[in-house]
Structure formats: structure tokens, C-alpha cells
Amino acid sequence: QVQLVESGGGLVQAGGSLRLSCVASGLAFSRYAMGWFRQAPGKERQFVAAISWRPSSTPGSTFYADAVLGRATISRDNDKNTVDLLMNNLKLEDTAVYFCAADGGSDPLSTQRRDYTSWGQGTQVTVSS
């Protein structure tokens, strides 16, 4: 079965950086678009970033939510079945549980939760002042 396991969360001061990682198994990883979502307490799970299964040189192969645009970089390694999210200049409002998700149907990618069929358990990111 498909498994997605996130790591890299933790407590960080505002202005700092974190790299979240997700290891995938049980799927043809290179054929899946991958995404990161986050959910703050009492709020809906929201889109953060996505990366297409298409080569990185393809226009539109990555997409970011406005809230993290310019501060986040999503990347993938198809040899290792991993997708990373590097977050810089973290803000208090970035505090949330971050989830990795796999989307086997979108081309090149989707920002919609409903298109992602497999999810990890999440990793907590807490930004302190």
C-alpha cells in the first residue's frame, strides 16, 4: 500500500528555516504529482506547494500558495522517492501540521485537496517569536 512519511518538523524561531522531507513507498513515484498542505489548529487544511511529475524544466512544474511564495521551495528526487519543502523566513502564521500528499491523476499538478489520494500523517512545525 502507499505510504508517505514526513519528517523535519520542529520548533523554530521566526525568521528561521526548516526543510521538511517526505519519503514515499508503494507507488510509481515518478508518475505522481506531489504536494504539501498544512493545517493550523481550528482551520481547514490548505495548499502550500506542489510539484509535477513532469521534468523540472517544464513550465508550471511547481506551484506555490501566495502565503509562501518567495519563501518556499519544493523539490523532488525520483531516485530516492522523496519530496522536500524548504521554508525560509518562517513566520508565526506558518505554525501548522504539514502533510505530504500524492496525486496520480493531475497533469501537471493540482492545488486541490480532492485530487490527492494518499496522505502522510503529518509533521508539526511551530514557529516562535
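**Disulfide, core and buried residues in a predicted model**

Q: What makes the link between Cys22 and Cys100 a disulfide?
A: The sulfur atoms of Cys22 and Cys100 are 2.1 Å apart, and since a disulfide is defined as a pair of cysteine sulfur atoms within 2.5 Å, the pair qualifies. By this rule the count comes to 1 disulfide. The pair links distant parts of the chain, with Cys22 in strand β3 and Cys100 in strand β9, 78 residues apart; strands are DSSP runs of E, at least two residues long, numbered from the N terminus. The structure is a predicted model, in which local features need pLDDT of at least 70, side-chain atom pairs count only at pLDDT 80 or more, and totals for chains, interfaces and linings use all residues. Residues are numbered from 1 along each chain as its sequence is written, and side-chain values use heavy atoms, with hydrogens and water left out.

Q: What is the handedness of the link of Cys22 and Cys100?
A: The angle about the S-S bond is -75 degrees, and the link is left-handed. Both of its cysteines, Cys22 and Cys100, are also buried.

Q: Why is Arg38 called buried?
A: Its relative accessible area is 5%, and because buried means under 20% relative accessible area (exposed is over 50%, partly exposed lies in between, with a 1.4 Å probe and protein chains only), Arg38 falls in the buried class. This arginine lies in strand β4.

Q: How do you know that the side chain of Arg38 makes a polar contact with the side chain of Asp94?
A: The distance is 2.8 Å, and a polar contact is a pair of N or O atoms within 3.5 Å, where within protein one must be able to donate a hydrogen and the other to accept it, and residues adjacent in sequence count only if both atoms are side-chain atoms. The side chain of Arg38 makes a further polar contact with the side chain of Tyr98, at 2.9 Å.

Q: Why does Ala101 count as buried?
A: Ala101 has 0% relative accessibility and therefore counts as buried. Ala101 is in strand β9, and, leaving aside neighbours within four places in sequence, its contacts (heavy atoms within 4.5 Å) include Met34, Phe37, Tyr116 and Trp119.

Q: What makes a set of residues a nonpolar core, and which residues have the most contacts inside the largest one?
A: A nonpolar core is a set of buried Ala, Val, Leu, Ile, Met, Phe, Trp, Tyr and Cys residues joined through side-chain atoms within 4.5 Å. The largest such core has 36 residues, and those with the most contacts inside it are Met34, Trp36, Ile74, Val83, Leu85 and Tyr98. The elements giving two or more residues to this core include β3 (18-25), β4 (33-39) and β9 (96-103). Val83 touches, among others beyond four places in sequence, Met34, Trp36, Ile74 and Cys100.

Q: What makes Arg76 a charge sitting over the ring of Phe29?
A: The charged end of Arg76 is 4.5 Å from the centre of the Phe29 ring, and the rule asks for NZ of Lys or CZ of Arg within 6 Å of the ring centre and within 35 degrees of the ring normal. Arg45 likewise lies over the face of Trp119, at 5.0 Å from the ring centre.
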